Amino acid sequence: MSGGAMTPGTRVRRRPSRSWSWIGAGIVAIARGLVFFALMLAGAGPLLTLLLVLVLVVGALRSFSAHRLQGPSLTRIGMLPLLVIASSVLATRWLTGLTRRLAGRWCGTPVAAPYRPIPAAGADELDLSQRLERRLRWLATDPATWRDLLWLAVDACGGWILAAAPAGVIAYGLACVAVPATRFTIAPGSPLGSILVQGPAAIPLGIALVAAGLWSAPRLLRAYGWLVALMLAPARRATLTSQVRHLAQTRSESIDTGAAQMRRIERDLHDGAQARLVAMGMTLDAAGQLIDDNPAAARALLSEARESSARALAELRDLVRGIHPPVLADRGLTDAIRALALDSPVRAQLTAELPGRAPAPVESAAYFAVSELLANVSKHADAGQVWIDIRHGAGMLRISVSDDGRGGADTGRGSGLAGLERRLAAFDGVLALSSPPGGPTVVNMEIPCALSSPKTSSCSETA
Amino acid sequence: MRVVLAEDLFLLRDGLTRLLQAHGLEVAAAVDNGPDLLAAVATSRPDVAIVDVRLPPTFTDEGLRAALAARRELPGLPVLVLSQYVEQLYARELLADGTGGIGYLLKDRVLNGAEFIDAVRRVAAGGTAMDPEVVARLLTRNSGDGALAALSPREREVLGLMAEGRSNAAIAQQLVITERAVAKHTASIFLRLGLQQSDDDNRRVLAVLAHLGR
């Protein structure tokens with residue numbers, strides 16, 4: 001969530017006419033600050049548990065070595081402390097995850113989760129202790145785990161003051177006002193007497209404190225959000241690591257896709273055009289031998305050869321269309337998709353707003369994606385109309401394909417959508433599918449890219 | 001009959017020139033790019049221009065754009081566009097001015113010399129020559145159309161040939177039926193598709209193509 005409108009502080013500035021709204025904003029911010037305070041208290045649980053287990057385990061190891069027993073091993077320490085450690089760390093993650101989400105929603109500082117994905121199970125993994133060991137190693141080697149614990153410590157040692165101080169100030173201010181206002185008498189010797197300001201200054205001071213608390217609450221809450229972002233956002237290194245992981249995966253997938261396509265082309269040429277050319281050569285040879293003795297048969301063979309060449313041409317044409325459609329090279333994405341729409345058996349309506357051309361690989365990926373989606377619509381959707389929308393904004397090529405068919409499409413069920421998703425991922429592109437049973441189906445695709453040449457091509461037509 | 005030819009591959013240009021000459025057509029100019037085509041058309045005022053879609057310098061749809069430009073300069077200039085592949089999109093653009101004298105064929109059709117020359121003559125005479133593949137795709141696209149689905153197989157055949165731009169006589173010859181039978185089929189097709197029957201072959205073709213492409 002991109003903060004702005006949700007942040008109480010900005011709301012005050014944005015609507016100065018509502019002169020009392022800062023009080024409401026302050027109250028909201030105080031409530032939110034108290035939620036963060038509660039999270040801090042909850043975080044102390046796993047933190048203290050971990051410290052306790054650590055002390056116990058170190059103590060146990062000391063006594064082992066004092067008794068000259070074998071070195072530390074998981075079986076010797078026992079499963080219980082490990083289970084406790086793992087569950088404490090997971091509880092920590094849950095708490096910090098909640099803190100991140102709330103900071104994003106309430107403080108206007110969205111914080112991404114920095115964790116590494118859990119590694120897949122090894123083939124030789126048999127029993128529970130090995131599984132536990134793998135998970136523990138995953139938790140312990142992730143720097144984010146340690147940063148989470150550090151955050152819990154920092155929050156407990158003083159971070160919470162930013163979130164909860166306004167509430168305290170207001171409570172004190174209210175007490176200052178309440179005591180004289182209700183003629184409450186403080187028992188002599190009570191600690192309240194030494195803390196609270198008394199006398200004529202008490203009421204104005206109390207009101208000022210309440211106002212100061214309300215005024216400062218949204219601001220301090222934002223400061224708390226910055227602190228959360230500072231401590232809990234993915235470290236630069238973690239961000240880079242996750243990017244490298246993503247790149248390695250998409251790279252190997254795109255290499256696989258490329259190799260598979262090359263194999264397909266090779267096979268198509270071998271079984272198709274190449275074979276036909278060989279047959280054609282043989283037919284021509286036979287015609288040459290017959291031409292003097294049996295001109296009629298020779299003529300028949302020649303017309304057969306001609307048909308063979310026409311079929312070879314047709315196959316080559318289909319192959320070229322599958323590699324790089326000529327209309328895409330000629331005209332760019334909008335016209336190429338318009339050509340697709342014209343060929344679609346389902347009525348297609350295209351709206352496009354592309355002020356320039358996307359890089360060729362992106363155009364190609366987008367073209368084949370739309371081609372596949374249209375094929376899906378005509379094969380499965382039982383639709384009467386399909387709408388295609390292409391536009392570019394904020395560095396993203398956005399394409400949406402929707403139909404009024406029966407819905408129920410699923411990226412998982414071998415619909416080709418999963419493959420589409422993978423191919424788009426090579427461009428950091430994403431695909432979102434909404435297809436409830438009964439329809440309609442909407443597929444949205446986004447591919448980050450820049451457009452070249454400021455030539456505008458915009459259209460809206462029914463094909 | 002005088003022809004201007006634009007084709008960048010020497011072998012094809014040479015082969016086409018010889019094919020045209022062998023059938024008694026005069027090749028007034030044979031050029032290898034778009035700008036030269038415009039110049040040649042302006043100076044030699046041919047009866048028909050035969051143009052390859054892909055021409056230098058861009059090697060994209062230069063030829064198509066040159067052909068459309070030539071028709072703007074010389075309204076009604078018959079143009080036959082050849083291509084390695086056909087797109088309905090390009091067929092639409094060629095037919096957009098609705099005046100006829102348009103051909104759009106796969107290069108493969110050159111292999112059948114007699115039919116190709118027939119198409120050239122038809123276009124030169126102001127008729128239409130639409131590639132069977134374009135027509136097939138138009139028919140596939142309209143397969144959901146109830147009126148079209150109601151046609152008999154024979155009527156669909158006649159409709160296809162009509163959309164290619166052939167005359168009743170040519171359709172009769174191709175399907176080995178009488179011209180009267182063809183006329184009966186066309187009347188029935190026009191009735192079912194709700195189109196205005198016309199004696200003018202060219203207007204008839206354009207009406208059919210417009211109906212299928214709508």
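I take helices (H or I, at least four residues) and strands (E, at least two) as DSSP runs, numbered from the N terminus. With that set, I looked up B:Arg72 and found this residue in helix H3 (residues 62-73) of chain B.

**Ground rules**

I am reading a predicted model, where local features need pLDDT of at least 70, side-chain atom pairs count only at pLDDT 80 or more, and totals for chains, interfaces and linings use all residues. Residues are numbered from 1 along each chain as its sequence is written, and chains are lettered from A and ligands numbered from 1 in the order in which they are written.

**Confidence**

I noted ipTM 0.87 and pTM 0.68 for the model. pLDDT is the predictor's confidence in each residue, from 0 to 100. Chain A averages 83, and 88% of its residues score at least 70. Chain B averages 90, with 100% of its residues at 70 or above.

I call two residues in contact if their C-beta atoms, placed from the backbone, lie within 7 Å. Where pLDDT is low, the predicted coordinates should not be read in detail.

**Chain make-up**

I counted 14 helices and six strands in chain A. Chain B has eleven helices and six strands. For burial I count other C-beta atoms within 10 Å of a residue's own, all placed from the backbone: 20 or more is buried, 12 or fewer exposed, in between partly exposed. Buried residues are 28% of the 463 in chain A. In chain B they are 43% of 214. Of the contacts with a separation of 6 or more, residues 24 or more positions apart account for 74% in chain A and 61% in chain B.

**Cores**

A nonpolar core here is a set of buried Ala, Val, Leu, Ile, Met, Phe, Trp, Tyr and Cys residues joined through C-beta atoms within 7 Å. The largest has 100 residues, and A:Val370 and B:Leu80 touch the most other members. Helix H13 (residues 360-381) of chain A supplies the largest share, ten residues. Leaving out residues up to four places away in sequence, A:Val370 touches A:Ile337, A:Leu340, A:Ile388, A:Ile399 and A:Val401.

**A helix pair**

I checked how H13(A) packs on helix H14 (residues 417-425) of chain A. The angle is about 170° and the axes are 11 Å apart. Axes are lines fitted to C-alpha atoms, for helices over the stretch in contact, and angles run from 0 to 180 degrees between N-to-C directions. Angles under 35 degrees count as roughly parallel, over 145 as roughly antiparallel, 65 to 115 as roughly perpendicular and the rest as oblique. So H13(A) is roughly antiparallel to H14(A). A:Ala365, A:Ala369 and A:Glu372 meet A:Leu420, A:Arg423 and A:Leu424 in this contact.

**Interface**

I found 18 residues of chain A and 14 of chain B in the contact between them. On the chain B side, helix H4 (88-95) and helix H6 (132-141) give two or more residues. H6(B) gives the most, three.

**Single residues**

B:Arg72 is exposed because it has 10 C-beta neighbours inside 10 Å. B:Arg72 lies 25 residues from B:Asp97 in sequence and 9.7 Å away in space, C-alpha to C-alpha.

I looked up B:Ser198 in the loop between helix H10 (179-193) and helix H11 (201-213) of chain B. B:Ser198 has 14 other C-beta atoms within 10 Å, so it is partly exposed. Beyond four places in sequence, B:Ser198 contacts B:Arg203, B:Arg204 and B:Ala207.

Most residues other than glycine have a negative phi, and most peptide bonds are trans. B:Pro56 and B:Pro57 are joined by a cis peptide bond, with omega about 5°. A:Ala394 has a positive phi, near 50°. A:Ala394 sits in the loop between strand S2 (385-393) and strand S3 (396-403) of chain A. B:Arg45 also has a positive phi, about 40°.
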